[in-house]
Amino acid sequence: MGIEVRTFGTLADGTKVECCTLKNTNGMTAELLTYGCRIARLFVPDRNGKMENVVLGHDTLEEYATGSDLQGALVGRYANRIGGAKFTIGEKTYEVYKNEGENSLHSAPGGFQDKVWRIKRSTNDDDAPSVTFAYHSPDGECGFPGNVDVEVTYTLSTDNALIIEYRAKTDAETPFNLTNHSYFNITGNPSKDILSLEMQLNADAITESDDGLIPTGKLLPVENTPFDFRKPKTIGQDIHAQDHLLKLCGGYDVNFVLRPSDGVQKAGEIYDQASGRRMLVFTDLPGIQIYTANSFSPGMKGVGGVPMKPHRAICMETQFYPDSVNHPEFPYENLKPEKPFHSTTIYKFTID
């Protein structure tokens, strides 16, 4: 039980990347990399007690470091999209890198997912082992103003929850939106698609978006649409519906508007009837981006060399709405010196 640290690999510039393994008293295990502060493996029992990895990942550091790979990564300084790859603070307009048409996606390249974080502290506690990663983002990184210091703490609880706590502070106002970009497949079999999983979301609306997936500012009710997951239904039930956004994306890639809450609330859950695994998602953030892994880079392979193919995973990314920096009507504010950032996301696993 507790924590183990080992070398996972070395980047081309000679920087060593470490892997921290957390294990609780139930045998649930999380392997976390300092590269991208990412979840590389997450072993969870099924109803028969069989431990299987429920996130996609790679065997080698080289695979993670090719391009802007997001498997399991902590994404920032601004996760999701910024329309026109620009934003304004006061009288000044800032431009960031355009990596998706005219827009910016996940602050790539050079975002938090591409950085080597340091291990700041760890708690070798059998009841709740944890590790905290830290990163200093300098003023001007990826085009964003302000020096930002970020900490992310991963804790494994005794009731099989992976708790993620985000903290940050800045010396100048800056856009800030973090998310974890794990690709979950709770069947435990990366060769099996996730379309038969049941999903339920505590969301009555989605953010309407244009063809570049940039919000228009309008919220669309989910009632009588393929986006209605207020009651459990399989992910595949409506994924091929005659809907423009679904056809454009090849599946779900949309921000769901969570019901307002003053603190951490249940955002939703997914359930695999075959294994009995259920994953519940909790957050204090206002949105959750649901992405059904609609495409991968050609030839991309996962653990054990298993090909990564569409719809073999689902991302449940808790965050602020996309392009919130350009929508004052959205529930969001920039990170400011006088108000440090603190947020919690929980992925909890139960067995039915």
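Good morning. I begin with a salt bridge between Lys-339 and Glu-333, whose closest N and O atoms are 2.6 Å apart. Please keep in mind that this is a predicted model. Lys-339 is partly exposed, with a relative accessible area of 48%, and Glu-333 is likewise partly exposed, at 40%. The whole structure holds 20 salt bridges.

Let us consider two further pairs. In one of the salt bridges, Arg-41 meets Asp-59, with the closest N and O atoms 3.8 Å apart. This pair links distant parts of the chain, 18 residues apart: Arg-41 belongs to strand S4, while Asp-59 sits in the loop between strand S5 and helix H1. Is Arg-41 buried or exposed? Its relative accessibility is 11%, so Arg-41 counts as buried, the cut-off being under 20%. Asp-59, by contrast, is partly exposed at 37%.

In the other pair, the side chains of Asp-204 and Arg-259 form a salt bridge at 3.1 Å, N to O. Because Asp-204 lies in strand S17 and Arg-259 in the loop between strands S20 and S21, the pair ties together parts 55 residues apart in sequence. Asp-204 is partly exposed, at 35%, as is Arg-259, at 33%.

Finally, I turn to Asn-294, located in the loop between strand S23 and strand S24. With 10% relative accessibility, Asn-294 counts as buried. Its side chain reaches the backbone oxygen of Cys-249 at 3.2 Å and that of Tyr-252 at 3.2 Å. Beyond its sequence neighbours up to four places away, Asn-294 touches several residues, including Gly-250, Asp-253 and His-311. Thank you.

Definitions and conventions: Residues numbered from 1 in each chain as written. Predicted model: local features only at pLDDT ≥ 70, side-chain atom pairs only at ≥ 80, totals over all residues. Heavy atoms only, no water. Helix = DSSP H or I, 4+ residues; strand = E, 2+ residues; numbered from the N terminus. Buried < 20%, exposed > 50% of the residue type's maximum accessible area, 1.4 Å probe, protein only. Polar contact = N/O pair within 3.5 Å; in protein donor to acceptor, adjacent residues only side chain to side chain. Contact = heavy atoms within 4.5 Å. Salt bridge = Lys/Arg side-chain N within 4 Å of Asp/Glu carboxyl O.
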